Amino acid sequence: MEALFANLDWYEIGIAGLDTLLMLGGSLLFTVLLGLPLGVLLFLCGPHQLLANRPLYGLLSLLVNLLRSLPFIILLIVMIPVTLLLAGTSLGVAGAIPPLVAGATPFFARLVETALREVDRGIIEATQAMGATTRQIVWNALLPEARPGIIAAVTVTAITLVSYTAMAGVVGAGGLGDLAIRFGYQRFQTDVMVVTVALLLALVQVLQNLGDRLVVHFSRK
Amino acid sequence: MIEFDDVHKAYRVGGRDVAALQPTRLTIAAGRIFGLIGHSGAGKSTLLRLINRLEEPSGGRVLVEGVDVATLDGEGLRRLRQRIGMIFQHFNLLASKTVADNVALPLKLAGELPRREIDARVARLLARVGLAEHAGKYPAQLSGGQKQRVGIARALATEPSILLCDEATSALDPQTTASVLQLLAELNRELNLTIVLITHEMEVIRRVCDRVAVLDAGAIVEEGPVAEVFLHPRHPTTRRLVSEAEHLDEREQVDDFAHVPGRILRLTVQGEATYAPLLGRLARETGVDYSILAGRIDRIRDQPYGQLTLALSGGDLDQALSRLQAAEVQVEVLR
């Protein structure tokens, strides 16, 4: 048994786990803060919507598609000057958060846009007929009605961020995924690979379960 | 009062203008229930939405209580919409909010009442529509009829003077439809509420409306008091709508009666005269024989009416006709 897990350093794994959670928490927070308004704006500017604006929608759409088409590992490197400006460093957990946010925000914004499109147009019309302003329609009708869809979007985004953090090792941010690559893969330490992957799986399971429960709770069906 | 002054509406579809509403003149009196009937695509939905400017007219003026709605700015339009409630075929309740919160929403948006007064008014409205015990439920837990009652309570929250009903009973079964229409008729009387409703069912018009306009291909083809339009439809579309409701077609009928001897008449009686022993007396006094070929006896809102298709033969026909006319019976000679 000892020999089977000979390479395991639980302290190292603990630190890596903490790094993963820090990166996930920090980047998810900023992704939601930036992506939710962006998603709402995308929805409102879209064709036949309340603030239908073809040039603005085209521009935002292009920007989102551009960021989504860049491989994350490239984004991580391309972003270094911006990261320095925002986080004061391009290394470690703090250095990983800006690129993680830049990678996940457009993805999350699209999911939010889709969730808002699922809201029955009749709801928007009914709220308009009450004399609501566009701002009131967003806060009092669209966001509450799309809440289950938005929670599902946060769940998917969080899980996507977990896999992105594995690449953050490139800027020395550490984390479980980085451990799996450096020790498990490059040094053939199968035991480290198994344990880190098991821990990542557990994290993904917890996130998905939590998300699903919240969706059911807020669906009011 | 709502006035349409040469209002028309066209949509641009694929670079071409498609007329949804031909230039229309119409006056809807305050405190009445006005029906707009037509088949789908006739333009009734457009006409209704011009009133609270969910649709912008392409030309002409829509006057609500004397104000041209096109001249209102954002704030003015919001004030107007708070005075015009609206209910929908699919209810359009917010699934994420409780029944009470749905009803409170228009008041919350208006932002004029403190929370305590909003709660009190919501409780009063829910009690009025018979849903007091469902305040804490979510719409998904209610039946269709209950959802529409929530819709009505919500539409009345800001104490509007006008209520727009967009096919409000089309998704409901006949029994529920009857109770919702009953509620609308009561609210019309209690609150002196002007109700404009659109429907494709003559039955809805007959039960609650005072006046009706018939729309066909974006134009009003017939307009008048419900009894007049319903009992003596002139335009082919109106006739079709009436025969759909009554499951009878007068043209077919007259053909069916080809082998029936004598004159064929249609008698229409309204009000208390409906219940008078008219035909027996007529037969005794003039010696004519009658056979009833078809008929309907029902109510238009609260007024009883009868409409019978008869064949008369033998006796003094001319005398019979003049007696009928004297007895406040409208007589149409079909053959």
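Let's start with two helices of chain A, α7 and α9, which are roughly antiparallel to each other. This is a predicted model, so please keep that in mind throughout. Helix α7 covers residues 134–165 and helix α9 covers residues 190–219, and the two pack at an angle of about 175 degrees. Angles over 145 degrees count as roughly antiparallel, and that is why this pair gets the label. Their axes are 8 Å apart.

Which residues make the contact? On the α7 side of chain A, they include Arg147(A), Pro148(A), Ile151(A), Thr155(A) and Val162(A). On the α9 side, among them are Leu200(A), Leu207(A), Gly211(A), Leu214(A) and Phe218(A). By class, the contact of α7(A) with α9(A) has 14 nonpolar residues, four polar ones and one charged one.

Let's zoom in on one residue there, Ile151(A), which sits in helix α7 of chain A. Is Ile151(A) buried or exposed? It has 21 other C-beta atoms within 10 Å, and 20 or more is the cut-off for buried, so Ile151(A) is buried. If we leave aside neighbours within four places in sequence, Ile151(A) is in contact with Gly211(A), Leu214(A), Val215(A) and Phe218(A).

Now let's step back to the whole of chain A. It has nine helices and zero strands. The C-alpha trace spans about 70 × 40 × 25 Å along its principal axes. Of the 221 residues in chain A, 42% are buried. Here is a number I like: take the contacts in chain A between residues at least 6 apart in sequence, and 70% of them join residues at least 24 apart.

Next, the place where the two chains meet. How many residues of chain A are in contact with chain B? There are 19 from chain A, in contact with 19 residues of chain B.

In soluble globular proteins, nonpolar side chains tend to be buried together. The largest nonpolar core here has 134 residues, and Val103(B) and Val196(B) have the most contacts inside it. Helix α5 of chain A, residues 92–117, gives the largest share of this core, with 14 residues. There is also a second, separate core of 12 residues, including Val269(B) and Leu312(B).

Last stop: Val103(B) itself. Not counting residues up to four places away in sequence, Val103(B) touches several residues, among them Val122(B), Leu125(B), Leu126(B) and Val150(B). Val103(B) also belongs to the contact between helices α3 and α4 of chain B. The axes of α3(B) and α4(B) come within 9 Å and cross at roughly 125 degrees, which makes α3(B) oblique to α4(B). The crossing is right-handed. By class, the contact of α3(B) with α4(B) has nine nonpolar residues, no polar ones and two charged ones.

Conventions:
Residues numbered from 1 in each chain as written. Chains lettered and ligands numbered in written order. Predicted model: local features only at pLDDT ≥ 70, side-chain atom pairs only at ≥ 80, totals over all residues. Axes fitted to C-alpha atoms, helices over the stretch in contact; angles between N-to-C directions. Helix = DSSP H or I, 4+ residues; strand = E, 2+ residues; numbered from the N terminus. Parallel < 35°, antiparallel > 145°, perpendicular 65-115°, else oblique. Contact = placed C-beta atoms within 7 Å. Nonpolar A, V, L, I, M, F, W, Y, C, P; charged D, E, K, R; others polar. Core = buried A, V, L, I, M, F, W, Y, C linked by C-beta atoms within 7 Å. Left-handed = near helix turned anticlockwise from the far one by under 90°.
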